[in-house]
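Here is a short briefing on a protein model with more than one topic to cover. Have the sequence and the coordinates open while reading.

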2 protein chains.
Amino acid sequence: MKETQTKRTEIYDGRVIHVVCDDIVLENGETSKREVVLHNGGVCIALQDDDGKYYLVRQYRYAQGKEMLEFCAGKIEKGEEPWPAIVRECEEELGYETEDLVFLGTVVPTPGYCSEVIYLFHGHKGKRVGQHFDKDEDLALEKYSIEELGQMIEDGIISDSKTIALTYRIERKRLHER
Amino acid sequence: MKETQTKRTEIYDGRVIHVVCDDIVLENGETSKREVVLHNGGVCIALQDDDGKYYLVRQYRYAQGKEMLEFCAGKIEKGEEPWPAIVRECEEELGYETEDLVFLGTVVPTPGYCSEVIYLFHGHKGKRVGQHFDKDEDLALEKYSIEELGQMIEDGIISDSKTIALTYRIERKRLHER
């Protein structure tokens with residue numbers, strides 16, 4: 001049952017988070033309110049090294065109060081397309097150009113209250129260009145095989161949703177290529 | 001590199017979303033701000049019918065502007081534990097008691113700016129108790145085998161992160177039980 005916006009109230013437009021509260025009307029005439037975190041969307045890449053292993057980023061995630069292990073990812077800037085965004089993020093976070101970039105679908109992290117869609121990619125490591133971090137960023141790179149990633153998800157060592165979704169898509173792709 | 005809160009500013013405390021902006025200090029002395037959506041956490045269940053198929057919920061997701069197909073899920077109420085929360089959600093959304101409930105790990109939908117952790121469960125359909133919806137909720141139930149779910153994720157028909165993570169965990173579990 002489609003929900004149509006009748007009014008939008010701006011709540012907060014911060015550095016990362018943009019929150020609105022919309023009045024809506026349902027097809028049956030009922031009215032309600034929907035709080036939404038507006039988001040330009042994100043990109044995420046499984047970058048494969050020459051040895052077949054994938055680069056992951058270990059970083060402290062303040063909202064979770066702990067270090068997490070995730071595929072390289074970032075926000076799509078306003079007006080930017082996913083394709084240049086993933087090339088940029090890969091160079092900034094991992095320090096490499098990408099080759100043989102393949103789109104592996106999308107994942108919606110939080111359908112209940114956030115507009116974010118993450119575009120998933122697979123690529124091979126290209127030319128070294130060096131990383132560029134913000135001063136409040138601290139990332140460590142690690143490398144794992146696809147089999148190790150599956151086991152780490154099962155063991156709860158990896159719990160990030162985009163990393164799980166992308167690992168799954170890679171496993172399915174390999175299954176069909178056999 | 002751990003990040004420690006030095007000050008918290010309340011931004012918005014709504015019906016679903018609670019946003020704060022914290023001043024933080026990094027271990028290297030750098031300071032920054034972190035916007036966080038505070039969340040009590042969620043629960044999600046793959047409820048299996050006697051024919052082996054799983055119940056999914058089709059509903060309009062306003063933040064995504066379209067219908068989505070997801071496992072039954074809900075918010076953990078303040079002070080509530082995941083176990084009673086999933087029993088309650090399963091009865092309200094699917095209309096069934098649960099048997100043989102098994103915990104299958106957690107998923108973090110949005111580590112970048114949200115504290116939400118979703119607890120994943122597998123269960124079998126128990127006694128029919130009837131659904132209870134809010135007046136602004138409209139849910140349709142569908143049933144799929146685990147093989148169908150995998151194909152629907154690959155085809156982009158299912159893109160919800162908790163549903164992908166739980167499907168993956170069930171597939172891994174089955175793999176080990178063979």
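In this predicted model, 65 residues of chain B are in contact with 65 residues of chain A. Together the two chains bury about 5,800 Å². Carbon and sulfur atoms account for 53% of that area.

**Buried area at the interface**

- The size of an interface is often given as the accessible area lost when the parts come together.
- Between chain B and chain A, that area is about 5,800 Å².
- Within chain B, the residues that lose the most area to chain A are B:Tyr62, B:Tyr113 and B:Tyr168.
- Those three tyrosines together make up 14% of what the chain B side buries.

**Polar and charged pairs**

- Two salt bridges are found across the interface of chain B and chain A.
- A salt bridge links the side chains of B:Glu154 and A:Arg172, with an N to O distance of 2.7 Å.
- Polar contacts across the interface of chain B and chain A join 39 residue pairs, with both residues at pLDDT 80 or more.

**What chain B brings to the interface**

- Strands that give two or more residues to the side touching chain A include β1 (3-13), β2 (18-26), β3 (31-38) and β5 (54-61) of chain B.
- Also among the elements of chain B that do so are β6 (66-70), β8 (96-107), α2 (146-154) and α3 (161-177).
- Which element supplies the largest share of the side of chain B that touches chain A? The answer is α3(B), with 10 residues.
- By residue class, the side of chain B that touches chain A holds 26 nonpolar, 17 polar and 22 charged residues.

**A three-stranded sheet in chain B**

- Strands of a sheet pair through backbone hydrogen bonds, either parallel or antiparallel.
- In chain B, three strands make an open sheet, ordered β1-β2-β3, with antiparallel pairing.
- The edges are β1 and β3 of chain B; each has a single partner strand, so one side of each lacks a neighbour in the sheet.
- From one strand to the next, the twist averages 25°.
- The antiparallel strands β2(B) and β3(B) are joined by eight bridges.
- B:Val19 has its bridge partner in β3(B), namely B:Val37.

**Chain A in outline**

- Chain A has three helices and 10 strands.
- Read from the N terminus, its elements follow the order β-β-β-β-β-β-β-α-β-β-β-α-α.
- The C-alpha trace of chain A spans about 60 × 40 × 30 Å along its principal axes.

Terms used. Residues numbered from 1 in each chain as written. Chains lettered and ligands numbered in written order. Predicted model: local features only at pLDDT ≥ 70, side-chain atom pairs only at ≥ 80, totals over all residues. Heavy atoms only, no water. Contact = heavy atoms within 4.5 Å. Buried area = accessible area lost by both parts, 1.4 Å probe. Salt bridge = Lys/Arg side-chain N within 4 Å of Asp/Glu carboxyl O. Polar contact = N/O pair within 3.5 Å; in protein donor to acceptor, adjacent residues only side chain to side chain. Helix = DSSP H or I, 4+ residues; strand = E, 2+ residues; numbered from the N terminus. Nonpolar A, V, L, I, M, F, W, Y, C, P; charged D, E, K, R; others polar. Pairing = 2+ DSSP bridges. Axes fitted to C-alpha atoms, helices over the stretch in contact; angles between N-to-C directions.
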